[in-house]
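Dear colleague,

Please find below the structure that I am handing over to you. My notes on it follow, arranged by topic.

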Amino acid sequence: MRRETDDYWTESDVQKFAKNSEIFSFDNEEERPGNLFSNTSSSKVHSTLKEVIGTGGTTSVSVSDVKKKHIPDLSELMSDKSLNIVLEADQVFDPLVQTKGKIPIEEEVKLIRRQIQNRWDPIEEKSTVQRMVLGQPYSLELYRTLDRKRNLLNCAIDVGDGSAILAVTLFLMRTLKKSLFNNILANNPIAANHYIHYLSTRMQINDLTDTLTMLGRNKDASMKQFEITCQISNTQRQLKRLTSCVQNHFTGDKDRFHVERFIKLLEWQQTTGAPEVQSVADCLHYLCKNHWSKAKNDPHSPFLISQQYGVNEKLFQWTALVVHAQMKAWGDIDNIFMTKQWLGGSKLKTALPIEYVVKKLYKLEAPKETLVSYIRLIDNMDHRLSIAKSIRCDRGILDTYTAMRDRLGLISYLANLDPKSEDYKYAEQLLSSTPTKWKN
């Protein structure tokens, strides 16, 4: 049971009303949808103000205290004008509060009646927006003319409070013809962006698409439709919706081309039984790993899928290199970069810088013979020597000194090798077979 005090029984009904004035709140939950835009809304700032702002707006905590408590900068929570409204709120004269207990009850009743009457008559738009920022009772339904509604939105935009802007925008949406509302959105991009975000977060896709199209943002509308369609888990339904989406929303040749390719990829996955992957690159990785030996015209061939979806040579070679190196299939790597010639032998054919190939092979722990064979494919001798040293490939370094006819380099590097190692014996063989006239 509630514990009653003497003060409770001696207070007048008017004084009790002053303490509980929120019972006359005309707030509408839809008009105050919450803090959707934290960078411009004041709804998060009140707790921060308790930490930072003392009585009369003076600082009550030090800068170091603010940093320790990770209190965000007020400019990140609300606009300067919204902050000024909050800081100046204590300076506003409220007759009911300021005169409480100092005037007869009859006068208090008159003040209450005047306040209630004011709530049924539209006050200045700026004052209503200030009430919205401060979380005080307000009513938008009193603004019935188009001019006053427009002025109300302009005041909210001028203050820069996101929740107030959205609340007014939703009020206009409910109380105006669609043509008038669309005209206001077209002339107020800030309000339009808040409304678009509101529709997006609530997944009201049809309204969102119509609004974006009305604003001339056709590409945004089509991409939003595509984004939502891609979230469908059932592949059959997704394909059906994507086909409808590309027909109704994608008019640009470039965007339509990419969406149609995506549809073909999903269809390919369905017909071949391949796992559902997120991109052509993922698909290529799967095929290189599981179907590398397929004929080039086979539906599972990585070469065919690369051709059909325009995979560039660099991506194809890099994916194949990584897959086969991870599988330790070192013999297959030559098939990626080497092509057979008419008269026998093979020739290097790579879209990748060969030094990238060498470093990736080293990182994936390729055997020494494989590393040396690819180091030898680097044309520039100085660059070849630098790469061999960077991955500490002794055999590659020795071969490069030999190719450069640098006998002194061989002798110098031999001194750094373990006399019991195979590379030391290899270096001795090279020195014994090289002419002594080689200098540098």
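**Loop residues with positive phi**

At a relative accessibility of 63%, Glu365 counts as exposed, the cut-off for exposed being over 50%. Please bear in mind that the model is a predicted one. Glu365 is placed in the loop between α21 (354–363) and α22 (368–375). Its phi is positive, at about 60°, although Glu365 is not a glycine.

Arg405 is a further residue other than glycine with a positive phi, here near 55°. Arg405 is found in the loop between α24 and α25, and with 53% relative accessibility Arg405 counts as exposed.

**The chain as a whole**

The secondary structure of the chain amounts to 26 helices and 2 strands. The chain has 440 residues, of which 39% count as buried. Taking the contacts between residues at least 6 apart in sequence, 54% join residues at least 24 apart.

Which residues of α11 are buried? In this helix, which spans residues 178–187, they are Phe181, Asn182, Ile184 and Leu185. They lie on the same side of α11, because the arc they cover around the axis is only 160°. Ser179 and Asn187, on the other side of α11, are exposed.

On the α11 side, the contact is made by Phe181, Leu185 and Asn187; on the α12 side, by Pro189, Ala191, Ala192 and Tyr195. Sorted by class, the contact of α11 with α12 comprises 6 nonpolar residues, 1 polar residue and no charged residues.

Phe181 and Tyr195, both part of this contact, also belong to one aromatic cluster together with Tyr198.

**Helix α8**

Helix α8 covers residues 125–134, and its buried residues are Glu125, Thr128, Val129, Met132 and Val133. Viewed down the axis of α8, these buried residues fall within an arc of 145°, so they line one face of the helix.

**Aromatic pairs**

The structure contains 9 aromatic pairs. Two of them are set out here.

Phe226 and Phe250 form an edge-to-face pair, with 6.3 Å centre to centre and 85° between the planes. Phe226 is part of helix α14 (residues 218–230), whereas Phe250 lies in the loop between α15 (235–248) and α16 (253–272); the pair therefore ties together parts that are 24 residues apart in sequence. Phe226 and Phe250 are both buried.

How are the rings of Tyr401 and Tyr413 arranged? They form a tilted aromatic pair, 6.5 Å centre to centre and with 50° between the planes. This pair links distant parts of the chain, 12 residues apart: Tyr401 is in helix α24 (residues 394–403) and Tyr413 in helix α25 (residues 407–414). Tyr401 counts as buried at 10% relative accessibility. Tyr413 is likewise buried, with a relative accessible area of 15%, because the cut-off for buried is under 20%. Arg405, described above as exposed, is found in the loop between these two helices, α24 and α25.

With kind regards

Conventions: Residues numbered from 1 in each chain as written. Predicted model: local features only at pLDDT ≥ 70, side-chain atom pairs only at ≥ 80, totals over all residues. Heavy atoms only, no water. Buried < 20%, exposed > 50% of the residue type's maximum accessible area, 1.4 Å probe, protein only. Helix = DSSP H or I, 4+ residues; strand = E, 2+ residues; numbered from the N terminus. Arc of directions from axis to C-beta. Contact = heavy atoms within 4.5 Å. Nonpolar A, V, L, I, M, F, W, Y, C, P; charged D, E, K, R; others polar. Phe/Tyr/Trp six-rings, centres within 6.5 Å; stacked < 30°, edge-to-face > 60°.
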